[in-house]
Structures are given as C-alpha cells and as structure tokens.
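Work through the exercises below with the sequence and the coordinates open. Each task is followed by a solution in steps.

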Amino acid sequence: MQAPLDYLLHLADSALILGQRNAEWCGHGPILEEDLALANNSLDLIGQARLLYQVAAERINADADLKARFAHLQGARVDDAVTEDTLAYFRAEHEFLNHTLLELPHSGPLAGTASGDRDYAVTIARNFLYSAYMVLLWDALSASADTDLAAIAAKSLKETRYHLEHASDWLVRFGDGTELSQAKAQAALNHLMPYTQSFWLRTASMDAAIANGTGVDPESLHGDWQALVTETLNEASLTTPSEQGYVPQGHVGVHSEHMGFVLATMQSLARAHPQATW
C-alpha cells in the first residue's frame, strides 16, 4: 500500500521549510549552545524531508502520469529522472504544500517585504507548537500501511521528541524568567497559535491516505495536542491563546507573502546552475 504522493510531499515540504527557517539561526544564535542546537534541529528536519522526497521521487519515476506532472520543472525533461533535488529546488511556490506556520519569519507579524530583528521566542514557540503536533503524527504514522512511510515516521519520531523537549524547556525558561522574557513568549504564542488551525484541516490527499490506511485523520490528534500544549504552557506560567483567527492555506499551496522569499534564498544556487552536480 502506498500513501498518496501529495501526502508525502506535504510532510516533506513542511520539514524542509521549517529546517530552512531554523537554519537561519546558524551563526546568529543567542548563545553558542543554541546556535548548535538549532543547526542540529535543521539537519534533522532536512534529513526527514530528504527521506520523504526520495520515496516520492522513486514513485514519480515509476508512474508515467506522475512523471508527466513534473516534466515542467527547470532542468528536467520528460525522460529525466525526478530526484529529491528536483522536488526541493525546482518547484514553484504554489506547488509546495507545507503549513503556513513554518514559512513565517522569526518575528511578529510582518509584511512580506519588511524585515525585523529575529526573536528567539518566536522560533521556540513555533518549534514547540509544530513539534507537539508532529510527535503525535509521527507516532501514529509509524503504523502506516505504507511501509516506507512507517519506517520514516519511526525514525523521525525519535528526533522530533528531542525537538519538542528542547522547545518546551525554553518556553518554561521564558515563562518563568523575567517579565520581558515572559511577555515575549506570550506575544509569540498569541501571534502563532491561529496558524495551527491548518494542522486539523483535511485535504483530498489526506482523505485518500486515511481511506487506504497509509495516513492519519489529523482531527484525531487534536485533543492530545491541546492537552500537551496546555500542560507545558501552564508549567511555563503562560496563557494558552485561542486558535481562532485567519485560517492559513499553505498546505493546499496558497502561501503567505513570506514563502517566496524563503524559496528565493533556498533555491537560488540550484536554479542558477540547474545542471550542476555535487
């Protein structure tokens, strides 16, 4: 049994984009230990994305209809093999299926062309909210009828548990720290929480994955996620914000104004030298 292609790409894209965002702290971490911690976090996420893209590419190359779907990518002809690099570096913004939460900058609300100082509280809050979700999802997917996906989920679960522990520890430090650190952590959570609504929205590929036993109904994880988030925030003396607000649509290819800037940074070298080998 195989998971739908777009289900695999959704998981891969989410890991890749958050890995790219967290990598922006490399050389800029607030302390050396955190500089290294976020770099390792990024490597884990990009590694998860690579495994998923490799499976996706193998299945695309084995299916003529899927192969034709990706024939438009720069540097690829119909008879060229699709690779993990093709999927990461040559798809356009609307073809990515990651959660909008993961493409946002490390700051409060900003217009796409604006820039602001990196706020470590925003980074930690995002990693916490996403890792709390992915710990539950990877755990459930480790029993997927798609054996390739199940193996990736089991490996990713171990890494994501560390990501959740790291982010949770820092949220507690922020919440129980100074008045300023608590205010920054609360502001970050207030800003990001509405973006978690997309965790629970089903798409056609999710419906297909649920139907054939390769995927998980995300709504089935909602209660456990809320309990996990609330428990940690209570320990941190922080208030759990409402999830209500604008409903993001990045998981169906409708992204924020920030996504194009992330991809421009990530894809520019590969697009400048599309036939290069490394």
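Buried means under 20% relative accessible area, exposed means over 50%, and partly exposed lies in between (1.4 Å probe, protein chains only). The model is predicted, so local features need pLDDT of at least 70 and side-chain atom pairs count only at pLDDT 80 or more, while totals for chains, interfaces and linings use all residues. Residues are numbered from 1 along each chain as its sequence is written, and side-chain values use heavy atoms, with hydrogens and water left out.

**Exercise 1. Salt bridges**

Solution. 

Step 1. Side chains of opposite charge can pair when their charged atoms come close. The criterion is a side-chain nitrogen of Lys or Arg within 4 Å of a carboxyl oxygen of Asp or Glu.

Step 2. Arg69 sits in helix α3 (residues 64–69) and Asp6 in helix α1 (residues 5–23), so the bridge joins distant parts of the chain, 63 residues apart; helices here are DSSP runs (H or I, at least four residues), numbered from the N terminus. Arg69 has a relative accessible area of 39% and is partly exposed. Asp6, at 27%, is also partly exposed.

Step 3. Asp146 is buried because its relative accessible area is 1%. Arg59 counts as buried at 12%. A network of salt bridges links Arg59, Asp146 and Asp148.

Step 4. Asp119 counts as buried at 18% relative accessibility, whereas Lys184 counts as partly exposed at 39%.

**Exercise 2. Aromatic pairs**

Task: Which geometry, stacked or edge-to-face, does Tyr133 have with Phe199, and which with Trp200?

Solution. 

Step 1. Rings of Phe, Tyr and Trp (its six-membered ring) pair if their centres lie within 6.5 Å; planes under 30 degrees apart count as stacked, over 60 as edge-to-face and the rest as tilted. The structure holds nine aromatic pairs.

Step 2. Tyr133 and Phe199 are stacked, at 4.4 Å centre to centre with 5° between the planes. Tyr133 is in helix α5 (residues 120–141) and Phe199 in the loop between α7 (179–192) and α8 (204–211), so the pair ties together parts 66 residues apart in sequence. Tyr133 is buried, with a relative accessible area of 3%, and Phe199 is buried at 0%.

Step 3. The ring centres of Tyr133 and Trp200 are 5.4 Å apart and the planes meet at 85°, so this pair is edge-to-face. Trp200 lies in the loop between α7 and α8, so its pairing with Tyr133 in helix α5 ties together parts 67 residues apart in sequence. Both Tyr133 and Trp200 are buried.

Step 4. Ring pairs link Tyr130, Tyr133, Phe199, Trp200 and Trp225 into a cluster.

**Exercise 3. A charged patch**

Task: Which residues gather in the patch of negative charge on the surface, and which elements give two or more residues to the negative patch?

Solution. 

Step 1. Patch residues have over 30% relative accessible area and no salt bridge, and like charges are joined within 9 Å. Asp and Glu count as negative, and the place of a charge is CG of Asp or CD of Glu. Accessible areas come from the Shrake-Rupley method with a 1.4 Å probe.

Step 2. The patch consists of Glu165, Asp169, Asp176, Glu231 and Glu235. The elements that give two or more residues are α6 (147–175) and α9 (222–235).

Step 3. Asp169 lies in helix α6. Asp169 is partly exposed, with a relative accessible area of 39%.

**Exercise 4. A backbone angle**

Task: Where is Ser237 placed, and is Ser237 buried or partly exposed?

Solution. 

Step 1. Ser237 is in the loop between α9 and α10. Ser237 is not a glycine, yet has a positive phi of about 60°.

Step 2. At 45% relative accessibility, Ser237 counts as partly exposed.

Conventions
Patch = residues over 30% accessible without salt bridge, like charges linked within 9 Å, V, L, I, M, F, W, Y side chains within 5 Å.
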